[in-house]
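These are my notebook entries on a structure that I looked up.

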Amino acid sequence: MQTSTHPREPLQTPRAAGAAGIVFALLLAAAIVLIRLGIPQGAAAVAAQPPDPARRSAVQAALALVPFAGIFFLWFIGAVRSHIGDAEDRFMATVFLGSGLLFTAMMFGGAAAAAAVLATAHPAGTSPSRPAWDFGQHLAYTLMIGYAMRMAAVFTCSASVIGHRLGIMPRPLTVLGLLVTLVLLFVSPNVPWSELVFPAWSLLLGLHIIVAGFRRSTAAPAA
């Protein structure tokens with residue numbers, strides 16, 4: 001008995017995946033702002049006392065956003081790879097994917113360290129411990145700024161190089177990506193708030209993917 005087999009059609013990338021970069025950028029920017037406000041760094045951290053209720057609420061709100069930012073970032077990676085298509089270079093694609101996954105892991109690690117600050121430095125009903133507060137604060141910023149943003153720099157650089165080689169990314173966006181890479185590598189560890197350039201670039205790239213996908217969908221029926 002002969003059974004007919006039909007080739008499976010490849011799965012189509014959901015159009016909503018292009019919006020993942022926008023949602024990720026907004027969530028990450030909000031989390032960075034809340035953590036910066038709730039856990040000072042540098043000279044402000046020396047003068048600051050362990051977190052009061054208002055600053056603890058800001059950090060807790062940031063920690064609630066981080067898991068969703070990570071989820072949407074994974075969708076964003078998929079949307080970028082779908083936008084690149086089958087022509088992607090294996091070497092750069094591996095660097096792109098690996099740096100994105102490492103960034104997500106480091107972001108979660110930094111969020112866990114910030115949660116540890118709240119749990120150990122200021123437990124309910126006890127006086128805050130300054131050594132535990134300082135250690136948790138330093139650990140959170142080391143993971144988020146020292147490591148996660150370096151992986152974000154590699155992610156941005158590889159995406160920009162791929163987009164330039166294949167001609168699928170506008171030249172201004174490519175140049176902006178390379179500038180963001182330099183900022184994340186050399187400026188963000190020493191200049192507070194400069195890490196916001198990464199969600200800003202992700203927002204622009206997400207908008208570009210949505211616009212490019214809309215143009216392809218409108219051009220297909222005409223062809």
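At what angle do the axes of helix H1 and helix H3 cross? I noted first that this is a predicted model, in which local features need pLDDT of at least 70, side-chain atom pairs count only at pLDDT 80 or more, and totals for chains, interfaces and linings use all residues. Residues are numbered from 1 along each chain as its sequence is written, and side-chain values use heavy atoms, with hydrogens and water left out.

**Entry: H1 and H3.** I found that the axes of H1 (residues 20-38) and H3 (residues 53-84) cross at roughly 155° and come within 8 Å. H1 is therefore roughly antiparallel to H3 (angles over 145 degrees count as such). Helices here are DSSP runs (H or I) of at least four residues, numbered from the N terminus. By class, I recorded 22 nonpolar, two polar and one charged residues in the contact of H1 with H3; Asp, Glu, Lys and Arg count as charged, Ala, Val, Leu, Ile, Met, Phe, Trp, Tyr, Cys and Pro as nonpolar, and the others as polar.

**Entry: H5.** I noted a bend of about 30° in H5 at Ala-148 (the angle between axes fitted to the seven residues ending there and the seven starting there). Just after H5, I found Gly-167 with a positive phi of about 70°.

**Entry: Trp-193.** I located Trp-193 in the loop between helix H6 (171-187) and helix H7 (197-222). Phi of Trp-193 is positive, near 80°, although the residue is not glycine. I recorded a relative accessible area of 37% for Trp-193, so this residue is partly exposed (between buried, under 20%, and exposed, over 50%, with a 1.4 Å probe and protein chains only).

How values were computed: Axes are lines fitted to C-alpha atoms, for helices over the stretch in contact, and angles run from 0 to 180 degrees between N-to-C directions. Helices (H or I, at least four residues) and strands (E, at least two) are DSSP runs, numbered from the N terminus. Angles under 35 degrees count as roughly parallel, over 145 as roughly antiparallel, 65 to 115 as roughly perpendicular and the rest as oblique.
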